[in-house]
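Visitor: Hey, can you walk me through this one? I'm new to reading structures.
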Amino acid sequence: PPGLYIVATPIGNLGDLSPRAARILASVAVIACEDTRVTARLLQHIGAKTPMLPYHDHNADAVRPRLIARMGVEAVALVSDAGTPLISDPGYKLVRDARAAGVTVVTIPGPCAAVAALTLAGLPTDRFLFAGFLPAKAGARATAIAEFAALRASLVFYESAGRTAATLTALAEGLGDRPAAVAREISKRFEETVDGSLSALAARYADEPPRGEVVIVVGPPAAVAAPDAATLDEALHAALADAS
Ligand code: SAM
């Protein structure tokens, strides 16, 4: 049926494409995608010949109204090069405008590097903040990190391999030397997750950057122990004595 279908695709291992995702991609009228060469490989894998239409940061504003109009009468899928669309990838405005136009929006959930990395890191997962890519410029990056410092949550960052060591150092400076993990090449041949303190990980990758795609997960700040009753009493007495 007509509508917008948000389809998650593999982040490395093609076997992670769900049967439902494959069925939708093979049957929609058109697939809006970032890079047609990347999506063409996925379509070839499932033996589909669905037409594609590039939708990326540079043409999105021009293409969006046309896509929205088509969704009213036929099924349109949105994919990104890898993983879940809209997560550090294009699509948010497409969904926003589709909803505003009364288009049915359906998601076909699947791989997402942020969630996959959380499952590998061995750090608390009850509360986490997905921080995406930090700003590249040092000043803006430090400001962003400072905003996260007080959060009692694990933090998840996407990063390019080459910047990993510098980012780990900036995180250690801005957050304190917390436990962390670097997960790379998830679901691919050279998948590897290394854990350690932020400074130890920074040292490890300073000389030799991790190869491939990388997610950094940082644990929450150490819990400050609540004072017990005796300590509170003592503090209260001291304060009262000072006041008299
Ligand atoms: N939409 C994607 C998702 O759902 O994960 C993320 C797209 S974002 C442009 C690309 C970043 O995701 C990479 O720089 C890396 O930080 C992370 N990433 C993607 N695939 C990965 C993988 N297989 N292993 C580790 N990190 C990955």
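This is a predicted model: local features need pLDDT of at least 70, side-chain atom pairs count only at pLDDT 80 or more; totals for chains, interfaces and linings use all residues.

Visitor: Okay, in what order do the five strands of the open sheet come?
Guide: The order is β6-β7-β10-β8-β9, and the pairing is mixed.

Visitor: Which strands stand at the edges?
Guide: Those are β6 (128–133) and β9 (192–197). Each has a single partner strand, so one side of each is left without a neighbour in the sheet.

Visitor: And what does the twist average from one strand to the next?
Guide: The twist averages 20°.

Visitor: Which strands does α5 touch when it packs on the sheet?
Guide: Helix α5 touches β6, β7, β8, β9 and β10. Its direction makes about 55° with that of β10.

Visitor: Let's zoom in on β7 and β10. Do they pair in the parallel or antiparallel sense?
Guide: Antiparallel, over five bridges. If you want a spot to look at, find Leu155, which stands opposite Val218 in β10.

Visitor: New topic: β2. How many bridges join β2 to β3?
Guide: Three, and the two strands run parallel. β3 covers residues 52–54, and in that strand Pro54 is the bridge partner of Cys33.

Visitor: What about β2 and β4, parallel or antiparallel?
Guide: β2 (residues 30–33) and β4 (residues 75–78) pair in the parallel sense, over three bridges. There, Ala32 stands opposite Leu78 in β4.

Visitor: Now helices. At roughly what angle do α3 and α4 cross?
Guide: The axes of α3 (residues 60–71) and α4 (residues 92–100) cross at roughly 40° and come within 10 Å. The crossing is right-handed.

Visitor: Which residues make the contact?
Guide: From α3 you get Ala60, Arg64, Leu67, Ile68 and Met71, while α4 brings Lys93, Leu94, Asp97 and Ala98. By class, six residues in that contact are nonpolar, three are charged and none is polar.

Key: Residues are numbered from 1 along each chain as its sequence is written. Axes are lines fitted to C-alpha atoms, for helices over the stretch in contact, and angles run from 0 to 180 degrees between N-to-C directions. Helices (H or I, at least four residues) and strands (E, at least two) are DSSP runs, numbered from the N terminus. A crossing is left-handed if the near helix is turned anticlockwise from the far one by less than a right angle, and right-handed if clockwise. Two residues are in contact if their C-beta atoms, placed from the backbone, lie within 7 Å. Ala, Val, Leu, Ile, Met, Phe, Trp, Tyr, Cys and Pro count as nonpolar, Asp, Glu, Lys and Arg as charged, and the others, Gly among them, as polar. Two strands pair if DSSP finds at least two bridges between them.
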